[in-house]
Amino acid sequence: MAASFRWLLQLHKDVPKAARFYSEGLDFTINVCTLRWAELQSGPLKLALMQSNSDHIMQKEYSSLLSFTVTDINSTVTKLMALGAELDGPVKYEIHGKPTPENLKGPSDFSEYYQVAAMRCIDGHMLGLYEPV
């Protein structure tokens, strides 16, 4: 039998504050939330939050990055910033694909384009946001 993914764990100084961040900022459902432990869910993904026993949990470097597809990157960035997140660079407009020579009129001629943003959330964890345009 293959292993099945159970949940991803993040350490936080304030578990209820972190649970509120994911719930209000990214629409996670809170299944359980205590002062020391929380379990949240977004579709099949479960995110566990545990209180750290150390005051030195702030992530300074990139460790893991949680990536989310959103329908409106600007409103999501605004909500997350109101909850304590910071942009890690500008929101970028990415263009990928190869246009045909006869229709080089602009970004809409490419096979795929989207907006992306990287954000550092509370306790320094990184979030990636992706909005197909």
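## Residue Q10

Q10 lies in strand 1, residues 8–12, where strands are DSSP runs of E with at least two residues and helices are runs of H or I with at least four, numbered from the N terminus. The model is predicted, and local features need pLDDT of at least 70, side-chain atom pairs count only at pLDDT 80 or more, and totals for chains, interfaces and linings use all residues. Residues are numbered from 1 along each chain as its sequence is written, and side-chain values use heavy atoms, with hydrogens and water left out.

With a relative accessibility of 3%, Q10 is buried (buried is under 20% relative accessible area, exposed over 50%, partly exposed in between; 1.4 Å probe, protein chains only). Beyond neighbours within four places in sequence, Q10 contacts Y22, L47, A48, L49, M50, L66 and H125; contact means heavy atoms within 4.5 Å.

## Residue P132

P132 belongs to strand 9, residues 126–132. Its relative accessible area is 44%, so P132 is partly exposed.

Not counting residues up to four places away in sequence, P132 touches T69, V70, Y113 and Y114.

## The chain as a whole

The protein chain has 2 helices and 9 strands, in the order β-α-β-β-β-β-α-β-β-β-β along the sequence. Of its 133 residues, 33% are buried.

Among contacts between residues at least 6 apart in sequence, 56% join residues at least 24 apart.
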